[in-house]
Amino acid sequence: MNLQELIRNNRSYRRFDASYVINKQTLLEMVDLTRYVSSARNAQPLRYYLSNEKEMNESIFSTLAWAGYLKDWDGPAETERPAAYIVITVEKDLNSSFTLFDAGLATQTILLKAVEKGLGGCIVGAVKKEKLREIIDLDQQFEIVCVLAIGKPAETVVIESMKNGDFKYWRDEEGVHHVPKRELNELIL
């Protein structure tokens, strides 16, 4: 896939094939790419916790909230859960007002690599951070930024034109996930 195809296929997937296994080496390959992206002041403040084990994944899952606009959906069923998680943290001593830029570059890089490998993911920002800190035994010198859910997508995500400024995603009767996007002319000032 070329870059345009990678980006267009990089959707926020929330339902996965739970029987699909992602090995630790695959997660390491994804995170390894983050070493090469830009970092404010070159501080490289991000650190990663990797999980691909069922028991730990279940514990991490319990700390996450999924798809805020889908009020009648509590998140993926057990057969639709991700095969892996990457918890992105920042070292407090290196934290700055630019940390979210670093995290954005890192998450996009990881998710593009996932797409290249036939996988998909979702950036989850609604996290019970203190509970997750305890579960992964995270030292106090690190703060949790977000969690990436990674797996083999088991849903269809359709991009469509935004109508009347309504940016909320939704699912139709067949469970197809629809994501409205602004037209290019709306982005240019």
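1. Let's start with one residue and its surroundings. If you set aside the neighbours within four places in sequence, Asp17 is in contact with Thr79, Arg81, Lys152 and Ala154. Asp17 itself sits in the loop between α1 and α2. Its relative accessible area is 30%, so Asp17 counts as partly exposed. Please keep in mind as you read on that this is a predicted model.

2. Now follow the chain from Asp17 to Glu155. These two residues are 138 residues apart in sequence, yet their C-alpha atoms are 9.0 Å apart in space.

3. Which residue forms a salt bridge with Glu155, with the closest N and O atoms 3.1 Å apart? The partner is Arg15. Glu155 lies in the loop between β4 (142-151) and β5 (157-161), while Arg15 lies in the loop between α1 (3-9) and α2, so this pair ties together parts that are 140 residues apart in sequence. Are the two partners buried or exposed? Both Glu155 and Arg15 are buried. For Glu155 the relative accessibility is 11%, and buried means under 20%, which is why Glu155 gets that label.

4. Glu155 has another partner. Its side chain also meets that of Arg171 in a salt bridge, at 3.3 Å from N to O. Through shared partners, the salt bridges join Arg15, Glu155 and Arg171 into one network. As background, side chains of opposite charge can pair when their charged atoms come close.

5. Here is another salt bridge to look up: the side chains of Glu29 and Lys117 meet at 2.9 Å, N to O. Glu29 is in helix α2 and Lys117 is in the loop between α4 and β3 (120-124), so distant parts of the chain, 88 residues apart, are linked by this pair. Glu29 is partly exposed, with a relative accessible area of 31%. Lys117 also counts as partly exposed, at 31% relative accessibility. The count for the model comes to 9 salt bridges.

6. Two packed helices are described by the angle between their axes and the distance between the axes. How do α2 and α4 pack? Helix α2 (residues 24-32) and helix α4 (residues 99-116) meet at an angle of about 135 degrees, and their axes are 8 Å apart. That angle makes α2 oblique to α4. The crossing of α2 past α4 is right-handed. On the α2 side you will find Glu29, Met30 and Val31, which meet Ile110, Lys113 and Ala114 of α4. Sorted by class, this contact has 4 nonpolar, no polar and 2 charged residues.

7. The next helix pair is α3 with α5. The axes of helix α3 (residues 54-61) and α5 come within 9 Å and cross at roughly 165 degrees. α3 passes α5 in a right-handed crossing. Here Met56, Ser59 and Ile60 in α3 meet Leu132, Ile135 and Ile136 in α5. The residues in this contact divide into 5 nonpolar, 1 polar and no charged.

8. Next, a look at the backbone. Most residues other than glycine have a negative phi. Gln44 has a phi near 50 degrees, a positive value in a residue that is not glycine. You can find Gln44 in the loop between α2 and β1 (46-51), and Gln44 is partly exposed, with a relative accessible area of 42%. Asp137, another residue that is not a glycine, has a positive phi of about 55 degrees. Asp137 belongs to the loop between α5 (129-136) and β4, and with a relative accessible area of 69%, Asp137 is exposed.

9. Finally, visit Glu174, in the loop between β6 and β7 (177-181). Is Glu174 buried or exposed? Glu174 is exposed, with a relative accessible area of 63%. From Glu174 to Thr156 the separation is 18 residues in sequence and 9.9 Å in space, C-alpha to C-alpha.

How values were computed. Residues are numbered from 1 along each chain as its sequence is written. This is a predicted model: local features need pLDDT of at least 70, side-chain atom pairs count only at pLDDT 80 or more; totals for chains, interfaces and linings use all residues. Side-chain values use heavy atoms; hydrogens and water are left out. Axes are lines fitted to C-alpha atoms, for helices over the stretch in contact, and angles run from 0 to 180 degrees between N-to-C directions. Helices (H or I, at least four residues) and strands (E, at least two) are DSSP runs, numbered from the N terminus. Angles under 35 degrees count as roughly parallel, over 145 as roughly antiparallel, 65 to 115 as roughly perpendicular and the rest as oblique. A crossing is left-handed if the near helix is turned anticlockwise from the far one by less than a right angle, and right-handed if clockwise. Contact means heavy atoms within 4.5 Å. Ala, Val, Leu, Ile, Met, Phe, Trp, Tyr, Cys and Pro count as nonpolar, Asp, Glu, Lys and Arg as charged, and the others, Gly among them, as polar. A salt bridge is a side-chain nitrogen of Lys or Arg within 4 Å of a carboxyl oxygen of Asp or Glu. Buried means under 20% relative accessible area, exposed over 50%, partly exposed in between (1.4 Å probe, protein chains only).
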